[in-house]
Amino acid sequence: MPGRPPRVTKTEAIVLRYRRLGDADRIVSLLTPHRGKIDVVARGVLRARSKLAGHLEPGTRLEVALAAGRSMDIVTQAQGLDSFGALRDDLDRLSAAMYVLELADRLTVEHADAHGLYGHLHNALIRLARGDGHHLVVRTYELAILDATGFRPEFTVCLGCGEPVEASRAWWSAIEGGVYCSDCAGRRPGISPIDGTVLKVLRAYQSQPYEEAGRIRLSDDLAARLEATMHALMHAVVEREIGSARFISATRRARVNAEAVLELAEADPGGGDQ
Ligand SMILES: [Zn+2]
């Protein structure tokens with residue numbers, strides 16, 4: 001086996017985020033189907049003529065060739081597969097995309113198989129880019145990745161006694177990720193009643209195929225209540241399992257990021273590839 005040239009591997013990936021490294025390089029966090037989340041070095045991307053730069057924006061799906069480096073692999077080639085450009089036309093969609101990327105980032109273990117999560121992220125980006133309702137896309141994505149990572153919330157059976165819980169009389173623990181019946185609820189701290197309609201929609205989102213879930217009409221008010229419930233749940237899961245306090249204002253930060261990306265896009269209308 002010849003020892004000299006570094007081992008080069010190819011993988012499909014979605015860009016989660018990047019940070020600057022020195023004057024011209026970036027460290028890019030990628031979600032890959034088989035290696036989970038990996039940090040790689042992209043050299044020279046901040047130079048004007050870099051061919052890599054356009055492919056390394058958050059949310060872009062690409063195929064990369066990676067040369068094994070000492071601590072991190074180095075991107076030697078990148079071929080864009082989908083940049084989901086339509087996401088950048090609309091602030092709500094872009095914010096939602098930033099949020100789904102952020103969740104994937106927080107819930108992925110590095111260098112571990114992430115096939116399920118990768119597929120869910122890819123689907124969410126496709127659906128957002130084609131203009132599906134962002135509340136529907138984000139809620140079903142949240143539930144799917146909780147499932148894929150072993151944190152499936154319990155919406156139907158009481159966590160205390162194991163009996164089915166009636167939606168209109170259910171109690172909810174975001175910390176424990178499940179419902180309680182009123183008998184068991186009285187004995188537990190830190191839980192509160194959950195809106196019966198919200199619970200019914202979440203049950204449907206969890207148990208029905210995406211296309212079926214899409215038939216449920218969401219008023220702005222109901223969408224906001226669903227969002228509040230799921231944000232509290234996602235926050236609890238990420239806090240508990242990852243211990244990341246930085247997640248607290250993920251949505252707010254995602255929105256700020258999204259605005260920054262929009263400004264960039266407006267300042268550079270030709271931006272994108274190359
Ligand atoms: Zn019970």
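In helix α1, Asp 92, Arg 93, Ala 96, Tyr 99, Val 100, Leu 103 and Leu 107 meet His 134, Val 137, Val 138, Tyr 141, Glu 142 and Ile 145 of helix α3, a contact being scored where C-beta atoms, placed from the backbone, lie within 7 Å. The residues of this contact comprise nine nonpolar, one polar and three charged, where Ala, Val, Leu, Ile, Met, Phe, Trp, Tyr, Cys and Pro count as nonpolar, Asp, Glu, Lys and Arg as charged, and the others, Gly among them, as polar. The model is predicted, and local features need pLDDT of at least 70, side-chain atom pairs count only at pLDDT 80 or more, and totals for chains, interfaces and linings use all residues. Residues are numbered from 1 along each chain as its sequence is written.

The axes of α1 and α3 come within 10 Å and cross at roughly 5°, the axes being lines fitted to C-alpha atoms over the stretch in contact, with angles from 0 to 180 degrees between N-to-C directions. The two helices, α1 and α3, are therefore roughly parallel, a term for angles under 35 degrees, whereas those over 145 count as roughly antiparallel. Helices are DSSP runs (H or I, at least four residues) numbered from the N terminus.

For α2 (residues 115–129) and α3 (residues 134–148), the axes likewise come within 10 Å, but cross at roughly 180°, which makes α2 roughly antiparallel to α3. The contact of α2 with α3 has eight nonpolar, three polar and one charged residues.

Leu 31, leaving aside neighbours within four places in sequence, is in contact with residues including Ala 104, Tyr 118 and Leu 121.

Terms used. Parallel < 35°, antiparallel > 145°, perpendicular 65-115°, else oblique. Contact = placed C-beta atoms within 7 Å.
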